[in-house]
Amino acid sequence: MCQSTEIMDKNFNFAQAEGRIYAQWEKSGLFTPDPDSPGQPFVIVIPPPNVTGNLHMGHALDNTLQDILIRYHRMKGDNTLWVPGTDHAGIATQAVVERALAREGIKREDLGRQKFVERVWQWKKEYGGNIVRQLRRLGASCDWSRERFTLDEGLSKAVREVFVRLYEEDLIYLGDYIINWCPHCRTALADIEVEHQDQADSLYYIRYRAEGSRESLVVATTRPETMFGDTAVAVHPADERFKAYIGQQVTIPLTSKSIPVIGDEYVDLEFGTGALKVTPAHDPNDFQIGLRHSLPQVTCIDLEGILTEAAGRYHGRERFEARAAIISDLEKEELLVKVEPLTHAVGVCYRCRTVIEPLISKQWFVRTAPLAKVASEAVKEGKTSFIPAQWEKTYFDWMDNIRDWCISRQLWWGHRIPAWYCQSCGRTVVARVDPDKCPHCSGPLEQDPDVLDTWFSSGLWPFSTLGWPDETKDLARYYPTTVLVTGFDIIFFWVARMMMMSLKMMGQAPFRTVVLHPLVRDAQGQKMSKSKGNVIDPLGVIDLYGADAFRFTLASQAGQSRDLKLATSRVAGYGKFVNKIWNAARFTLANLSDEILSEPREPVSLPDRWIRTRLDETAAECRAYLEAFAFDRLAGTVYHFIWDEFCDWYLELIKPILFGPDPAAIMAVRQNLLTSLAVILKLLHPIMPFVTEEIWSKIPGRTGCLMTKAYPGGQKPREDSRALEQIGFLMDITRAVRSARADFRVPPSEKLTARIKTEDPDLLKVLAEYSPLLVRLMGVQEIAQAEPEAQKPREAAFSVLSWGEVWIPLAGHIDLKVEKARLTKEAEQLRKDIGQANGKLANPDYVAKAPPEVVEETRERLSDLEKRLSAVGRSLETLASMS
């Protein structure tokens with residue numbers, strides 16, 4: 001199925017190959033595991049992208065890392081399952097369809113609920129598969145036969161079962177509570193769906209006059225429009241300034257309404273004036289104060305952000321428009337003491353960016369404290385671990401301070417809440433199967449109009465996708481899953497909820513390891529956004545450079561930092577790496593013969609012994625990095641081995657043998673060359689699946705797909721320290737000469753010489769054999785052994801190594817005085833730049849207030865400057881030894 005005998009083109013034609021190769025993989029059924037097959041289960045459930053979505057950089061990174069793991073474990077022989085799927089994305093999908101209707105001049109209310117939902121399903125059928133097709137372009141080797149959707153029949157059954165069970169255990173309840181309300185989306189939001197952004201605002205100091213007195217309390221607030229919902233003014237009971245006021249009445253400004261002054265320890269003595277207006281219906285903290293003091297709850301802003309009748313003459317005005325009018329009237333009545341500028345965090349809707357309005361509303365909630373306790377213990381006991389481990393603290397902090405989760409949303413698209421209200425006896429009925437009448441009085445029922453928060457269904461993803469609540473073969477074989485790969489930004493949205501729900505329903509944590517990757521930024525470290533014009537389209541990048549170069553770029557930067565800075569120039573660079581591999585394969589296959597053995601031979605020549613030893617070492621390192629989820633180190637290791645060692649050294653070292661007169665030596669090198677290429681393709685396949693599969697298909701005698709072959713490094717590495725030392729000796733000489741040329745800016749046209757001083761006779765034999773090659777590679781005039789009694793020339797650069805010394809005479813190639821002046825000037829400028837960078841980083845205001853990406857850039861620049869200064873210092877020391 002994956003075999004080809006075509007002659008290799010000059011370059012890898014990824015545009016032609018990728019679709020063909022993926023179709024072959026999918027047709028072969030190799031993505032679909034059999035639960036009855038042997039092997040340790042290795043299971044990942046894909047973080048389900050929104051059905052409305054197109055592939056963005058976050059998806060690309062997320063799924064590249066997952067695919068690397070999946071392909072590695074498949075090659076390892078594990079029973080490997082990657083479950084794909086999409087999320088119905090309640091608010092986002094409903095908004096997309098409503099916009100489409102608006103273009104037709106239709107509102108959803110015109111259609112009615114049933115026809116609107118039918119319209120959304122129609123939209124999903126037409127456009128909902130875009131993201132899935134795009135994941136295939138990335139090379140994602142998911143089991144598409146097990147693809148799920150959070151609103152499909154099986155998952156809907158799971159959602160209802162969980163809701164009913166939690167309700168029966170009093171872990172889901174209906175209650176009046178302060179919630180986050182988006183006036184634009186017209187729905188409640190959970191706490192973590194509210195994003196906080198710094199906003200320049202004003203702090204208004206307003207006078208509340210005391211009844212029966214000429215005195216007054218001055219209250220500081222950012223939201224004067226909510227004062228019509230005030231039901232008290234609170235002061236700290238220990239605050240000597242206000243003790244005498246506790247129990248008295250004050251008048252709400254611009255009204256005749258009186259409210260009490262109360263004492264509560266929540267009040268911050270240092271903020272504002274130390275007196276706090278209490279608005280239980282419009283602030284979550286005030287809501288809690290109100291409960292403690294049995295204060296009334298007065299709603300002065302409605303669901304559309306309009307002031308209610310409680311606001312008197314401001315009734316009917318939009319909240320921010322009303323604010324301006326209120327401030328004007330306060331000034332006229334001399335009730336506005338002063339206004340101060342204030343920058344503070346304001347909660348906005350994560351979807352539309354509208355400022356959130358806290359409101360009291362009847363909503364459905366999950367009682368999260370008992371669920372969170374168990375989920376925290378699972379991590380503390382090591383049942384689930386986070387990589388990087390520092391995110392565990394973030395997880396615990398959130399779990400320890402969790403509030404009940406508002407799960408009802410005022411939408412039509414989603415899992416409708418399985419609760420009905422009896423129109424006769426008023427009781428609430430929660431059921432697994434839709435009831436036709438009240439089980440208590442046989443009266444008529446009306447279903448709750450709301451739907452569940454999207455994160456409720458995605459919180460069940462690890463077990464619902466495997467068939468729960470039915471006892472399926474997949475559930476028995478593949479739960480719990482092995483690894484979750486996701487961004488750190490959804491620890492609260494998704495990871496924590498899966499932990500809580502899975503432990504409650506399954507009694508086991510949903511995954512053993514949570515791997516949290518960085519967020520993809522632009523090359524300057526800025527967040528990508530359409531408004532900035534810095535969004536990079538993954539599909540556009542794949543079109544230009546191919547999926548392999550793109551995947552390798554993402555893996556190479558997927559370290560343990562918070563940000564991944566992506567530049568298309570880097571992708572282009574790894575595109576050259578793809579062609580480097582391709583050309584190495586062309587060279588290999590062009591030099592094969594029909595007599596090549598099917599089984600590898602034991603290497604004989606020094607280059608063969610060296611490369612096979614380094615291959616074994618590299619394979620062991622790659623395995624270790626894959627097991628540790630160190631994707632960046634994996635990519636760096638395989639890149640430098642292939643480019644620096646296999647291509648730049650091994651292929652050059654073997655050419656004298658390959659094109660030499662000895663048939664037996666030629667055959668041995670050909671065999672080892674082919675063996676080495678095969679191992680390299682296997683090592684690289686998880687990151688670069690397309691080009692490796694294409695090359696594999698062109699190797700004579702190879703059968704089946706590369707993706708099914710055993711990953712190297714499972715055996716004990718061969719040990720040949722002498723081969724490593726001898727080739728390392730040649731590399732040392734090369735590095736020394738190139739370093740001297742770079743440090744002293746000797747142009748390539750100047751032919752240097754090198755003298756090698758060592759007492760090791762074996763190394764001298766290696767030097768004699770390979771010095772013609774080194775002369776050609778380095779562009780030098782001569783490389784020769786220094787006589788035992790010889791002394792280093794005065795005007796020479798030198799390197800002291802474990803086996804001896806390398807001398808590079810520079811007389812006639814550089815002017816010592818000019819070079820010393822240049823290096824001294826460069827060192828002075830570097831010290832100046834280092835001082836400036838250190839000064840910035842030593843300034844607490846800079847570190848605290850500058851954007852994090854700017855601070856990190858300064859740290860990186862400082863590190864680079866220090867390295868450059870060290871190199872210049874070494875060059876100056878060398879010059880001093882020449883004087």
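**Entry 1: Leu869**

I started with Leu869, which lies in helix H27 (residues 852-882). A note on names: helices (H or I, at least four residues) and strands (E, at least two) are DSSP runs, numbered from the N terminus. This is a predicted model, where local features need pLDDT of at least 70, side-chain atom pairs count only at pLDDT 80 or more, and totals for chains, interfaces and linings use all residues. Residues are numbered from 1 along each chain as its sequence is written, and side-chain values use heavy atoms, with hydrogens and water left out.

Which residues is Leu869 in contact with, leaving aside its neighbours within four places in sequence? I found Ala827, Leu830, Arg831 and Ile834; contact means heavy atoms within 4.5 Å. I also looked up Glu826: it is 43 residues from Leu869 in sequence, and the two are 8.3 Å apart in space, C-alpha to C-alpha.

**Entry 2: the cores**

Next I turned to the nonpolar cores. Each is a set of buried Ala, Val, Leu, Ile, Met, Phe, Trp, Tyr and Cys residues joined through side-chain atoms within 4.5 Å. Buried means under 20% relative accessible area, exposed over 50%, and partly exposed in between (1.4 Å probe, protein chains only).

The largest core has 204 residues, and those with the most contacts inside it are Tyr395, Phe456, Phe550, Phe646 and Ile733. Helix H20 (residues 631-658) gives the largest share of this core, 15 residues. Apart from this core lies another, of 30 residues, with Ala210, Val261, Leu307 and Ile327 among them.

I then took a look at Phe456. Beyond its neighbours within four places in sequence, Phe456 is in contact with Val159, Val162, Phe163, Ile172, Val366, Trp405, Ile407 and Met501.

**Entry 3: Trp181**

Trp181 lies in strand E5 (residues 172-182). Buried or exposed? I checked Trp181. Trp181 counts as buried because its relative accessibility is 3%.

Not counting residues up to four places away in sequence, Trp181 touches Arg186, Thr187, Ala188, Leu303, Ile356, Glu357, Leu359, Gln363 and Gln410.

**Entry 4: Thr758**

I found Thr758 in strand E26 (residues 753-758). Thr758 is buried, with a relative accessible area of 10%. Its side chain reaches the backbone oxygen of Trp803 at 2.9 Å, and a polar atom of the Thr758 side chain lies 3.3 Å from the backbone nitrogen of Asp760. Residues up to four places away in sequence aside, Thr758 touches Leu763, Leu764 and Trp803.

**Entry 5: a four-stranded sheet**

Here I traced an open sheet of four strands, in the order E10-E11-E9-E12, with mixed pairing. Strand E10 (249-251) and strand E12 (275-278) are the edge strands, each pairing on one side only. From one strand to the next, the twist averages 35 degrees. Two strands pair if DSSP finds at least two bridges between them; strand E9 (residues 232-235) and E12 pair in the antiparallel sense over four bridges. In that pair, Ala234 stands opposite Leu276 in E12.

Helix H8 (residues 284-293) packs on the sheet, touching strand E11 (258-263) and E12, and its direction makes about 85 degrees with that of E12. For such values, axes are lines fitted to C-alpha atoms, for helices over the stretch in contact, and angles run from 0 to 180 degrees between N-to-C directions.

**Entry 6: helix pairs**

How do H11 and H15 cross, and at what angle? The axes of helix H11 (residues 391-400) and helix H15 (residues 491-506) come within 11 Å and cross at roughly 75 degrees. H11 and H15 are therefore roughly perpendicular to each other. (Angles under 35 degrees count as roughly parallel, over 145 as roughly antiparallel, 65 to 115 as roughly perpendicular and the rest as oblique.) Trp391, Thr394, Tyr395, Trp398 and Met399 of H11 make the contact with Ile491, Phe492, Ala496, Met499 and Met500 of H15.

Last, I checked helix H16 (residues 538-545) and helix H17 (residues 547-556), which pack at an angle of about 120 degrees, with their axes 7 Å apart. H16 and H17 are therefore oblique to each other.

Technical notes
A polar contact is a pair of N or O atoms within 3.5 Å; within protein, one must be able to donate a hydrogen and the other to accept it, and residues adjacent in sequence count only if both atoms are side-chain atoms.
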